[in-house]
Amino acid sequence: MTGNQTGNENETAQGPKHKRDLTRRKVVVAGAGAVAAVAAGGAVVATASAGTNKKGTATPLSSTSASAGEECYKLTSETTEGPYYIDADKLRQDITEDKEGIPMTLRIKVIDSETCKPIRNAAVDVWHCDALGLYSGYESFSGGGGTAPTDAPSGTPTGEPPTGEPPAGGGGGGGVHEEPTSDTRYLRGTWKTDKKGFVTFTTIFPGWYQGRCVHIHTKVHVNGEWTDAGYEGGTTCHTGQFFFDEESVLASAEVEPYSTSTTERTTLDEDTIYDGSGTQGGLLKLKYKKNDIAKGVIGSITVGVDPEATNTGTDDSVQPGAPETASASASAS
């Protein structure tokens, strides 16, 4: 299993090329029926914003290296793993379990940022909080109340410990891994990319918690082996986060149970992890019925990775003193 180590939310997680994660990781296959096939959401394909292709322009590449109407992205921004990652605990596409919220289909395409070719059979992890800010396995740390992580950043006001993931930017402890405090695993899952680099998850629109904007964590693992027991070995080439535009978040806040939250919300512009670079920074392309987001949301994005790199979002791939917004891909708990 990939080890959980201390990370710093102010430091870049882009590691040196050709470095290999020698720690063995394994995905335990969920019981019968847990692996649910999900609809791919029709022809939902991530499209680039101006200035997001490899050469810094918005000119689409030829069809031999990128799909029609799609552009080759720079490396997606890397972030630290965060304190609430649980190593590939559930091999499944439908991660909803019994959680209430706005239905969401998350469609991810993973490509080699140099060649723009899709990466097939990569293991993609996603995890995020529920509609009220709770992380499975960490209910005592997240959402409302409970005990804050002991490594919360310095400068936190006394008497009001932060809930959820410690806000980044205040000290050195924001990315320190915490051990799970419960056996719950909702809104977490791992699945493989197809021959075109796509992987699709069924989940709900995330809520929010103190100190962070609405987001989803992700990791991409390559060069491992898919067996009857799950996914073994390999290297973590990307650790990042996916973000939501303010319009969609404000719309979700009008729907129960999101509307019952009393937690102060951090906006996308105020967030200390999102680097403001749009698709490259992990900003999702969202589709939903205007004025009726409760019917469901389709989120899509193309994630550009360096399959030769190691980016675990932990100390092994952190370069001390570097800015947090390096050029690579997105994740955290």
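In what order do the 4 strands of the open sheet stand, and is their pairing parallel or antiparallel? The legends below begin with that sheet and refer to a predicted model.

**View 1. The open sheet of 4 strands.** The strands follow the order β3-β2-β5-β8, and their pairing is antiparallel. The edge positions belong to β3 and β8; each has a single partner strand, so one side of each is left without a neighbour in the sheet. Direction ignored, neighbouring strands of this sheet are turned against each other by 20° on average.

**View 2. The pairing of β2 with β5.** Strand β5 comprises residues 215-222 and runs antiparallel to β2, to which it is joined by 5 bridges. Trp127 has His217 in β5 as its bridge partner.

**View 3. The aromatic pair of Tyr84 and Tyr135.** Across the whole structure, a search finds 8 aromatic pairs. In the pair formed by Tyr84 and Tyr135, the ring centres are 5.2 Å apart and the planes stand at 50°, so the arrangement is tilted. Tyr84 belongs to the segment before β1 (103-112), whereas Tyr135 belongs to the loop between β2 (123-127) and β3 (188-192); the pair therefore ties together parts that are 51 residues apart in sequence. Tyr84 and Tyr135 are both buried.

**View 4. The aromatic pair of Phe243 and Tyr274.** This pair is tilted, with 5.0 Å from centre to centre and 55° between the planes of Phe243 and Tyr274. Distant parts of the chain are linked here: Phe243 is in strand β8 (residues 235-243) and Tyr274 in the loop between α1 (246-252) and β9 (285-288), 31 residues apart. Phe243 has a relative accessible area of 1% and is therefore buried. Tyr274 is buried as well, because its relative accessible area is 12%, and burial requires a value under 20%.

**View 5. The aromatic cluster around Tyr84 and Tyr135.** One aromatic cluster is formed by Tyr84, Tyr135, Tyr138 and Tyr209. Among its members, Tyr84 and Tyr135 are both buried.

**View 6. Lysine side chains over tyrosine rings.** The ring of Tyr186 has the charged end of Lys99 over it, at 4.2 Å from the ring centre. Over the face of Tyr85 lies Lys219, 4.8 Å from the centre of that ring.

How values were computed:
Residues numbered from 1 in each chain as written. Predicted model: local features only at pLDDT ≥ 70, side-chain atom pairs only at ≥ 80, totals over all residues. Heavy atoms only, no water. Phe/Tyr/Trp six-rings, centres within 6.5 Å; stacked < 30°, edge-to-face > 60°. Helix = DSSP H or I, 4+ residues; strand = E, 2+ residues; numbered from the N terminus. Buried < 20%, exposed > 50% of the residue type's maximum accessible area, 1.4 Å probe, protein only. Lys NZ or Arg CZ within 6 Å of the ring centre and 35° of its normal. Pairing = 2+ DSSP bridges. Axes fitted to C-alpha atoms, helices over the stretch in contact; angles between N-to-C directions.
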